[in-house]
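Me: I have this model open and would like to go through it. Please keep the answers plain.

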Amino acid sequence: MTCRTCRVPVQTQFASPGLVGAIVEEGMDPAGDPRWAESGAASPADYARWAGHLCGMTCLRMALGTGAPSLFALRDGALAYGAYTEDADGVIKGLIYAPFARYVSEVHGLDAVVHRELSPAAVLGLLDEGRTVMASVHHGIRHPERPAPGRGGHLVLLTARTEDGVHFHNPSGTTAGTRAATLPVPVLERFFAGRGVSLPGA
């Protein structure tokens, strides 16, 4: 689905948007997602193990627009560049920004820029320049009416500056209104870790 506000596709990191809430908030096993194969995963087990880590790949897929590779094809490309790693116990580590930016630039031809320190004012400046921003926020941003549990650990795609604040797409949004949302900058800042990766506008 294309967003009416910013014209960027709205996508989730799980293949069935209607099951995101059950998976991320109610403990449903992602392997039970009947649409898992649409992600490009090799098996339900592969999908279940990785989908929760692919918020960054979902942001990239949205930024690439129509015709983008599947979610797991993007994961494979990022893995080849070292943007994800696994420790001795098989725990997935990532997304690692520098190799991810190299992957995006060299494979997909997008000018990806890593921002290790990014103020809200700088975010607005990037949006005003026509860029999108993969911003590190706490996943609790899907409940902005609640106190922020922390900052960082999840990636959303900031797509536009609006009169009301900043418009963004959340790969783990549980409803249409949280998958494509607008928040005032001070509210966004409560969840924002002050880092991210900017990309050319879609």
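**Helices, pockets and a cavity**

Reply: To begin with two helices, α3 and α5 are roughly parallel to each other (an angle under 35 degrees). Helices here are DSSP runs of H or I with at least four residues, and strands are runs of E with at least two, numbered from the N terminus. This is a predicted model, in which local features need pLDDT of at least 70 and side-chain atom pairs pLDDT 80 or more, while totals for chains, interfaces and linings use all residues. Residues are numbered from 1 along each chain, and side-chain values use heavy atoms, without hydrogens or water.

Me: At what angle do the axes of α3 and α5 cross?
Reply: The axes cross at roughly 30°. They come within 13 Å of each other, with α5 covering residues 97-108. An axis is a line fitted to C-alpha atoms, for helices over the stretch in contact, and the angle between N-to-C directions can run from 0 to 180 degrees.

Me: Staying with α3, how many of its residues are buried?
Reply: Eight of the ten residues in α3 (residues 55-64) are buried, so the helix is mostly covered (buried means under 20% relative accessible area, with a 1.4 Å probe and protein chains only).

Me: Which ones?
Reply: The buried residues of α3 are C55, G56, M57, T58, C59, L60, M62 and A63.

Me: And what comes just after α3?
Reply: G65 does, and G65 has a positive phi of about 80°.

Me: New topic. What is the volume of the largest pocket?
Reply: The largest pocket has a volume of about 370 Å³. A pocket is an open set of points on a 1 Å grid with protein on both sides within 12 Å along at least five of seven lines, and its lining residues have an atom within 4 Å of a point.

Me: Which residues lie nearest the centre of the largest pocket?
Reply: G52, C55, G153, H154 and L155 do, out of 19 lining residues. C55 is also one of the buried residues of α3.

Me: Which strand gives the most to that lining?
Reply: β2 gives the most to the lining of the largest pocket, with three residues. Both β2 (92-94) and β5 (154-162) supply at least two residues each.

Me: What about the second largest pocket?
Reply: The second largest pocket has a volume of about 300 Å³. It is lined by 15 residues, and Q11, T12, F14, A15 and R61 are the closest to its centre.

Me: Which residues line the largest cavity?
Reply: P120, V123, L124, V166, V185, L188 and F192 line the largest cavity. Two elements give two or more residues to the lining, α6 (120-128) and α8 (185-191). Of the elements, α6 gives the most, with three residues.

Me: Last one: where is G196, and is it buried or exposed?
Reply: G196 is in strand β8 (residues 192-200). G196 counts as buried because its relative accessibility is 0%. From C-alpha to C-alpha, G196 is 9.5 Å from V123, although the two are 73 residues apart in sequence. V123 is one of the residues that line the largest cavity.

Note on methods: 1 Å grid on protein atoms, 1.4 Å probe; cavity = no way out; pocket = protein on both sides within 12 Å on 5 of 7 lines; lining within 4 Å. Buried < 20%, exposed > 50% of the residue type's maximum accessible area, 1.4 Å probe, protein only. Points joined across faces, edges and corners; volume = space filled by probe spheres on them. Parallel < 35°, antiparallel > 145°, perpendicular 65-115°, else oblique.
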